[in-house]
Amino acid sequence: MNIPNHVAIILDGNGRWAKSKGMPRNYGHVKGCENLEKICGIAKDLGIKYLTVYAFSTENWKRSKEEVDGLMKLFRNYTKKCIKIAKKNKMRVRILGEPSAFDEDLQESIRELEEFSRDYDELHFQLALNYGSRDEIARAVKKMMRDQEAGKLEWETVTEDTISNYLDTAGLPEPDLMIRTSGEERLSNFLLWQLAYTEFYFTPVPWPDFGRDELIQAIEKYNSRDRRYGGVKEES
């Protein structure tokens, strides 16, 4: 197979998966987190170099206090455990989004994780936390305005690459394949700029049940696509 260089995944269906088993929603998030650890290893084994996952959006704060508190506890545990996962997979971890909304101890864990893993390069793992693409673009515009006022940026020289370099994903290749689990078929404010020419794959399988076979099926579907980037391939 032609393995995509960069795969992005919207991790959806944890809560519904748990409810279908008569369990609380946070049980689904715990199992989804365990599955994420497995998928990182599988992605590396398959030859995927960049893996970006949508774990907590800027809109997810609207959920019940019980669920949000449970997610924050899970993120605290995961960011600490992820140091071991990063070492095992030689995986560089980068957080996308605005971490300043989190409590200071979680922000510190994020800084420690990013610093610990910064020299690994066998898998580049991006975890989107308190992330929303519109928020990302708004923050990028503010940075550009500040740089313009400081004389570091001339508007006449701004290109698409300039804008890309102000986004949270600066320096990363754009995703080749975007997967969303659990049956929904929308982007939900995820990587709106970066997914301009990405192939989309939607599956009814909820995230806790999404394993190696499902990932390979998504890649096989990706292989059947004809990526022309707006151009036309000459007929033989």
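Modeller: One term before we start: a residue is called buried when its relative accessible area is under 20%, and exposed when that is over 50%. Asn189 has 14%, so Asn189 counts as buried. Keep in mind that this is a predicted model.

Biologist: Okay, and where is Asn189?
Modeller: Asn189 sits in the loop between β5 (177-180) and β6 (199-202). Its phi is near 65°, a positive value in a residue other than glycine.

Biologist: Why flag that?
Modeller: Because most residues other than glycine have a negative phi. Asn130 is flagged too, with a positive phi of about 50°.

Biologist: Which element holds Asn130, and is Asn130 buried or exposed?
Modeller: Asn130 lies in strand β4 (residues 123-131). With 7% relative accessibility, Asn130 is buried.

Biologist: Let's zoom out. How many helices and strands are there?
Modeller: Seven helices and six strands. Along the sequence they run β-α-α-β-α-β-α-β-α-α-β-β-α. The radius of gyration is 18 Å, close to the 18 Å the globule rule gives for 236 residues, so the protein is as compact as a globular protein of that length.

Biologist: What share of the residues is buried?
Modeller: Buried residues are 46% of the 236. As for contacts between residues at least 6 apart in sequence, 75% of them join residues at least 24 apart.

Biologist: What does Thr52 touch?
Modeller: Leaving out residues up to four places away in sequence, Thr52 touches His6, Val7, Ala8, Ile9, Leu96, Gln126, Phe190 and Leu191. With His6 there is also a side-chain polar contact of 2.8 Å.

Biologist: Switching to charges. How many salt bridges does the whole structure have?
Modeller: The search finds 18. Take Arg76 and Asp105, whose closest N and O atoms are 2.7 Å apart. Arg76 is in helix α3 (residues 65-89) and Asp105 in helix α4 (residues 104-117), so the pair ties together parts 29 residues apart in sequence.

Biologist: And how accessible are those two?
Modeller: Both come out as partly exposed: Arg76 at 22% and Asp105 at 42%.

Biologist: What about Glu115? Who is its partner?
Modeller: Arg118, at 3.1 Å from N to O. Elsewhere, salt bridges with shared partners join Asp12, Arg16, Arg180, Glu184 and Arg186 into one network.

Biologist: Now the surface. Which residues make the nonpolar patch of about 410 Å²?
Modeller: Ile137, Val141, Met145, Trp155 and Leu192. Ile137 belongs to helix α5 (residues 133-149) and is partly exposed at 32% relative accessibility.

Biologist: What's the total accessible surface?
Modeller: About 12,600 Å², and carbon and sulfur atoms account for 47% of that.

Biologist: Last one: Ala196, buried or exposed?
Modeller: Exposed, with 54% relative accessibility. Ala196 is in the loop between β5 and β6. From Ala196 to Glu156 is 40 residues in sequence and 24 Å in space, C-alpha to C-alpha.

Key: Residues are numbered from 1 along each chain as its sequence is written. This is a predicted model: local features need pLDDT of at least 70, side-chain atom pairs count only at pLDDT 80 or more; totals for chains, interfaces and linings use all residues. Side-chain values use heavy atoms; hydrogens and water are left out. Patches are made of residues with over 30% relative accessible area and no salt bridge: like charges are joined within 9 Å, nonpolar side chains (Val, Leu, Ile, Met, Phe, Trp, Tyr) within 5 Å. Accessible areas come from the Shrake-Rupley method with a 1.4 Å probe; for residues, only the protein chains shown count as cover. A salt bridge is a side-chain nitrogen of Lys or Arg within 4 Å of a carboxyl oxygen of Asp or Glu. Helices (H or I, at least four residues) and strands (E, at least two) are DSSP runs, numbered from the N terminus. Buried means under 20% relative accessible area, exposed over 50%, partly exposed in between (1.4 Å probe, protein chains only). The radius of gyration is taken over C-alpha atoms; the globule rule is 2.2 Å times the number of residues to the power 0.38. Contact means heavy atoms within 4.5 Å. A polar contact is a pair of N or O atoms within 3.5 Å; within protein, one must be able to donate a hydrogen and the other to accept it, and residues adjacent in sequence count only if both atoms are side-chain atoms.
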